[in-house]
Amino acid sequence: MKSVIYDNVFKRNLLYNYGTKGVSIILGFAVTTLIIRYAGLSIFGVIAILGSLSGVFVNLITFRTNEALVAFVRRAEVDGDQGKAHLAVILGVALDLLLGALVFALFFYSVPLISEYFIDGYSDLHGIYMYAFVLPMLFIKGAPLGYMVACENFTFINYMNLLENAIYFLGILVYAIIDSDSNLGFEEIVISKVFSVAVPALIMFFYLLVVYSKKIYCHPVSWDEAREYFRFSAHTFLSSTLKSVSQQIDTVILAVFVSSSTVGIYTLFRQFISPL
């Protein structure tokens, strides 16, 4: 009887996971269609360049707190020492907030250089400045994401990814309807992007705080494991960062030599082959 129940739960979770991923892919193509249709291929290329640049910024500065948290939470379960898990959560959240503020400042003050060297001297600096708010949100969800992976709560993660794509799509769609008599604005696309990243990131962040605030008083924090935490982060930093940056750097390099419209064509091609 139990095996049947577990089998049904597994099938249901599998269906939810693949279903949410499939809908997210469809929404991604819908967003691309709307941006190209109402804003143009050049603006689509600018958004792609900013996305790749933000990925490079984040991956070069991150401490990989999500990977460290997965390792320490599972190690705490094996060793029966929840203090290790508490340490990873506290340090992970603190580092994410600190580095999120740092990468925001770096991106924000690099906007004139980004415009000059990567985006054809694009004049709408205000929209690029606004895009800087995406970066700290990517950091804020680092520790919550690691905790959910450690707890194997993949369904919730997929729902958050779906929520991000849905907010982005609805934001673009609403602006496209409002501005039906004119082109969709670059700043409007950026606002939609910022909200689409911020809402699920903040939900995940506060979810972790609420869930873990009940646990952290039950066991003392193993502060003596802090050195091991940073040693683990240092070991994973190089390999994981190089791998992550390599997935973004091609678009950044291309942006130096070609127009944003060409980058848009390249990004569109990559998007079509990515589900394969």
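A residue is called buried under 20% relative accessible area, exposed over 50% and partly exposed in between, with a 1.4 Å probe and protein chains only. Helices (H or I, at least four residues) and strands (E, at least two) are DSSP runs, numbered from the N terminus. By these terms helix α8 is mostly covered, with seven of its nine residues buried.

The model is predicted: local features need pLDDT of at least 70, side-chain atom pairs count only at pLDDT 80 or more, and totals for chains, interfaces and linings use all residues. Residues are numbered from 1 along each chain as its sequence is written, and side-chain values use heavy atoms, with hydrogens and water left out.

The protein chain holds 13 helices and zero strands. Of its 276 residues, 45% count as buried. The chain exposes about 14,300 Å², of which carbon and sulfur atoms supply 68% (Shrake-Rupley method, 1.4 Å probe). A contact is a pair of heavy atoms within 4.5 Å. Among contacts with a separation of 6 or more, 85% join residues 24 or more positions apart.

The buried residues of α8 are G142, A143, P144, G146, Y147, M148 and A150. They pack against α3, α4 (82-109), α7, α9 and α10. After α8 comes E152, with a positive phi near 60°.

Lining residues have an atom within 4 Å of a point. Grid points are joined across faces, edges and corners, and a volume is the space filled by probe spheres set on the points. The largest pocket has a volume of about 2,100 Å³. It is lined by 48 residues, and those closest to its centre are G51, E164, N165, K193 and Q248. Eight helices each supply at least two lining residues: α1 (2-38), α2 (41-61), α3 (65-79), α7 (134-140), α8 (142-150), α9 (154-178), α10 (186-213) and α13 (260-273). Helix α2 gives the most, with nine residues. The lining divides into 20 nonpolar, 21 polar and seven charged residues. Here Ala, Val, Leu, Ile, Met, Phe, Trp, Tyr, Cys and Pro count as nonpolar, Asp, Glu, Lys and Arg as charged, and the others, Gly among them, as polar.

Helix α2 also holds S54. This serine is buried, with a relative accessible area of 3%. Leaving out residues up to four places away in sequence, S54 touches F107, Y131 and L135.

Side chains of opposite charge can pair when their charged atoms come close. A salt bridge is a side-chain nitrogen of Lys or Arg within 4 Å of a carboxyl oxygen of Asp or Glu. By this rule the count is two. One joins K141 to E164, with the closest N and O atoms 3.6 Å apart. K141 lies in the loop between α7 and α8 and E164 in helix α9, so the pair ties together parts 23 residues apart in sequence. Both K141 and E164 are buried.

The other salt bridge joins D250 and R270, at 2.8 Å from N to O. D250 sits in helix α12 (residues 249-257) and R270 in helix α13, so this pair links distant parts of the chain, 20 residues apart. D250 is partly exposed at 26% relative accessibility. R270 is partly exposed too, with a relative accessible area of 31%.

How values were computed. 1 Å grid on protein atoms, 1.4 Å probe; cavity = no way out; pocket = protein on both sides within 12 Å on 5 of 7 lines; lining within 4 Å.
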